[in-house]
Amino acid sequence: MALPVAEWQARAARLWAGLEPALRERLAAASLHEAVRLGCDLLRSEEEEEAALLRLCHRARTDKEPEAASWYREQGNREFKRGQYRAALRLYSKAASHELPGSPEVSVCFANRSAALLHLGHFEVCLEDIARAESHGYPDRLLPKVLLRKAECLLCLERLQEAQDILRVLESKIALDGVMTTHLTRLKKLSQLKVKLGEKERCPEPAREARGGIQGEPEIWEENSRISGASSSLSLSFDAERGRHLVACQDIVAGQSLVKEEAFVSVLCPGESLPLQDGDTAWDTQATNADLYCHRCLRQLLASVPCQGCSYAKYCSQACADVAWQQYHRTECSLGALLLMLGVFCHVALRTVLLAGFAEVSRLVAWSQHGDKNLQNPEARSKPLSEAADAGAGIPGCGSNGRYQSSYQALFHLLPHTEQHSPEHKFLCTLSVVAMCKQLQAAGLEAAVLDQESPQQGSKPKTCGKASAELSPELKTVAEAMLRHVLQLQCNAQAITVMQELGPGDGAVVDKKPVRLATAFFPVLSLLNHSCCPNTSISFHGTAATVRASQAISSGQEVLHCYGPHCCRMKVAERQQLLSQYFFKCRCRACLEELESGVKSVVSIRNSFCCPKCQAQMLGEEDTLRCSNEACATSASRDHLSGRLQNLQQQIKKALDLLKAGKADQAIKMLLKCQMDAGTFLSPEHLLMGEMEDHLAQIYATLGKWQEAARHLKKSIEIVEMHHGPSSVETGHELFKLAQILFNGFAVSEALSTIQRAEGILSVHFGPQSAQIQELQEMKACLSELPRNILQR
C-alpha cells in the first residue's frame, strides 16, 4: 500500500475540511518548507490525531511475541508430520522471528527448520541452521539428534572427514548416555553410507561431457562516461517540453542492454498473502512478501535470519541483517507498525534520507531554500549533457563535472510537482511525514537519524509515546526532505517486480505471474520518458534493474519506457486517464495515431461484445449496443452483457477452485461450458477466451495429457499474440510454457522449434543469463542428446 491506511487518510480529510479557508489557501500554496512548519503547528494543537495514529499502530504486530512463536512452532510441527516440509519451513521461520533473541526456544526453531531443510534437500542451508541452533544454546539433551542430522548432511555433500568427526562425537555421547541407544540403528546406516561414499571417492565415475545449450556470447558493455550505469550508446539531452531524457547516440539492436542500475533505495511491499494451510487461526499463517524475500537485497528467502529487535524484518543472511541495521534499520526497527500504517511511500522517504545521511540531506534542503534557482530554468535544457557541461551550464542532478550519477543529488532533483498535487493530497503527505518525525523524536531516535550514534543490533529505543510539543530544527529539515520524496514518488516510484510461481511450484509445467515486490528510487531509470508503445523492456534481479532495447532503436531516437498502461492492453481514453497521475498528457505515437485517425481502438474491438445472434461486433457508446451487421440489427443492453461477463468470470474462478481441490475432470467440464457460453456474446479474440484456453492447458498438463494441453495452449498463444504482439514478453512466457508441455509430451521436433522461438523472445527482454533461458537451454540439451531416429520425430 503506497499511501497511509484508510483511517488515517479519513482523519486527514476531516482535519482539512475543518480548517479555516485562509489556512487552506496558505497550505495549498505553501512551499515544502512552509508546509512542514504549518504541519508542525497543526499537529501540536491536534494531539488527538497523533493518539489516533498510535492506536492504529496496535493493529500491526511487529514486536516479538513469544506466545505467537510457540503457536507457529506447533503449526510447523503439524505440517512437518504431514510431510508438508515447505509450509513447515515458513512456519518455523515465523516462529523464529517472534522469539526473543538469546532464548533457548529460538534455537529449537532453527533446529526444527533444519529438519525441514534436510527433507527438501537443501543440505548447505540445513548446516547453517544447525550452526545457528548450536550458537543459540540448543539443549544438550537434544544435541545428538541434531548432530545426526549434521552428519547426514555432510555425507550427502560428500564431506567425509567432517562427517566422520561428527560420528565420533556422537559415539562418545552415546557411550555416556545409555538412553541414546535408539540412535544406534541410524548410526549404522550412516556408517554404511560413509563406506559407500569412500568407495565412490576412490573410484570416481568417468567425467561426463558438459551439457547445456549454446551459451550466449558475453555481452559487450561500455559504460557511459557521463551517465553512471548507462551504456555508451546513450546521451542525456534536455528540452523545455520533455525535460531530461535519454537519446540513442548510435544504432541500437533489440536485446542490447542500455542501463544497469542498482536502486538508490528500495522498500519491500507487504504484498498478497499465499495460504500455507486451511482454516482461520488466531495468528496470521499466510506467507507474504515479508516472509518470502530479504528485506534488504530482495533475494528469495529459504531460511530467513530474523531481526533481533522486531518480528517483521527478515534477511537472507546475517551479513545482510548487519548492513541493514547499520544503514537504516537501527532507526526503523521500533517503528515497524507506524511505517506499515503510513504506507510504503513514507517508508521509502524515510529510508532515503537515512541512506543519504543528514549532512547531505541538510545541504540539499538548504540549497532548495536559498540556492541557485537557475538550475531549474528550462532555457538551460537545450543541449546534450556533454555540450552543456563543456559550456559550464548547471544541469539539475549532475555533479560539477557534468556527470549524472545514481546518487542522492540526482534523486533530490527529481521533480516533486509541488504545485500540481491536489491540496488535500499534499496535506495528507505533510501530516504523515511530520507525524513520523515527531515519533522519531519521541522514541529517542533523533541522534540515530542525525548519524550521531550507532545503537547495538537488537537494542530497543524507548517505545513510541506522546511526542514532544516542538520538533527540533534538524528533524524539520528531515521532514522537509521526506515530504519532497513522498511527492516525487507519485511520478518517479519504480515498482520492482518478480515472476512468482502460482501453486506449489512442483508441477511439470510452472505457471508464473508478475508480482510487485518493492517500491524503489532509480535516479538514472527515472530519466526515461513514457510512451504507450515503448522501445525498451525492464527486468529486475534483486534490487538491480536492467533496461534492454525491446526493438531496434535508431541513432537520434529517444529511448522510452512504459509507465503502465500499454497501448496493447488499453484504449487511448483509459490510458490518458491513468496517466493523469503523472501530470502530463501523453502525446506518444500510439496515442496521437489513435486520437487523430478517429479509428476505433483495436484493443476495444478485440475485447468487445459480439452479437448473440450473428456474432458480429456490437457497437455503441451509450447503454444500448447494436449489432454492426445491418442485416441483423440486434440490440442489447451494455449492463446486461457486462453482467454476463461478470458471471462468466465467477464461473471460471469456481472451475479453478475445483482444480485446486483435485477435481480436474469437473474443472474441465465447467471450463468447456464457460467457453460455449462466452462464444455467444464475446469476440473470439477476447482476452478472456485466451485465458480459458490457458486454464484448460494447465489442467490437461496436470493430468499428463500433453497433446490436449498443447492444443489448448496454442490457441491461447494466438490470442496473446493478437493483443501483445509476436515478440512481446507475454508471448515469450506462453511459449515457455508450451516448450515445457511439448518437452514432457516427448514431441521432440516441435519442442525444439518452440524452445528456439521462446529463447529468441525472452533473451531480448531478460538477457541470455536469465533463469528461463537457462531452463530452455537445459531442455534443448536434453533433447539434443537423444538418438537421431528420435530427433526426427
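**Entry 1: α7 and α9**

I began with the axes of α7 and helix α9 (residues 143-156), which come within 11 Å and cross at roughly 30°. I note here that the model is a predicted one. Angles under 35 degrees count as roughly parallel, and α7 and α9 are therefore roughly parallel to each other. I looked up the handedness as well, and α7 and α9 cross in a left-handed sense.

Next I listed the residues that make this contact. From α7 they are A111, S114, A115 and L118; from α9 they are V146, R149, E152 and C153. Sorted by class, I have five nonpolar residues, one polar and two charged for α7 with α9.

**Entry 2: α7 and α8**

I then turned to α7 (residues 104-120) and helix α8 (residues 123-135), whose axes come within 8 Å and cross at roughly 165°. That angle makes α7 roughly antiparallel to α8, because angles over 145 degrees are counted that way. I recorded this crossing, too, as left-handed.

Which residues of α7 and α8 make the contact? On the α7 side I found S107, F110, A111, R113, S114, L117 and L118. On the α8 side I found F123, V125, C126, D129, I130, R132 and A133. By class, the contact of α7 with α8 comes to nine nonpolar, two polar and three charged residues.

**Entry 3: salt bridges**

How many salt bridges does the structure hold? I have 36 in the structure. I picked out one of them, between E48 and R11, where the closest N and O atoms are 3.8 Å apart. The cut-off for a salt bridge is within 4 Å. E48 sits in helix α4 (residues 47-57) and R11 in helix α1 (residues 6-17).

**Entry 4: annotated regions**

I looked up two annotations from UniProt, each from an unreviewed entry. The record gives "domain: MYND-type" for residues 294-333. Over residues 294-333 I read the chain as 38% helix and 10% strand, with the end C-alpha atoms 15 Å apart.

The record also gives "coiled-coil region" for residues 638-665. What are the helix and strand percentages over residues 638-665? I have 89% helix and 0% strand there, and the end C-alpha atoms are 34 Å apart.

Terms used: Residues are numbered from 1 along each chain as its sequence is written. This is a predicted model: local features need pLDDT of at least 70, side-chain atom pairs count only at pLDDT 80 or more; totals for chains, interfaces and linings use all residues. Side-chain values use heavy atoms; hydrogens and water are left out. Axes are lines fitted to C-alpha atoms, for helices over the stretch in contact, and angles run from 0 to 180 degrees between N-to-C directions. Helices (H or I, at least four residues) and strands (E, at least two) are DSSP runs, numbered from the N terminus. Angles under 35 degrees count as roughly parallel, over 145 as roughly antiparallel, 65 to 115 as roughly perpendicular and the rest as oblique. A crossing is left-handed if the near helix is turned anticlockwise from the far one by less than a right angle, and right-handed if clockwise. Contact means heavy atoms within 4.5 Å. Ala, Val, Leu, Ile, Met, Phe, Trp, Tyr, Cys and Pro count as nonpolar, Asp, Glu, Lys and Arg as charged, and the others, Gly among them, as polar. UniProt positions are given in the numbering used here, feature names are shortened, and annotations may be inferred rather than shown by experiment. A salt bridge is a side-chain nitrogen of Lys or Arg within 4 Å of a carboxyl oxygen of Asp or Glu.
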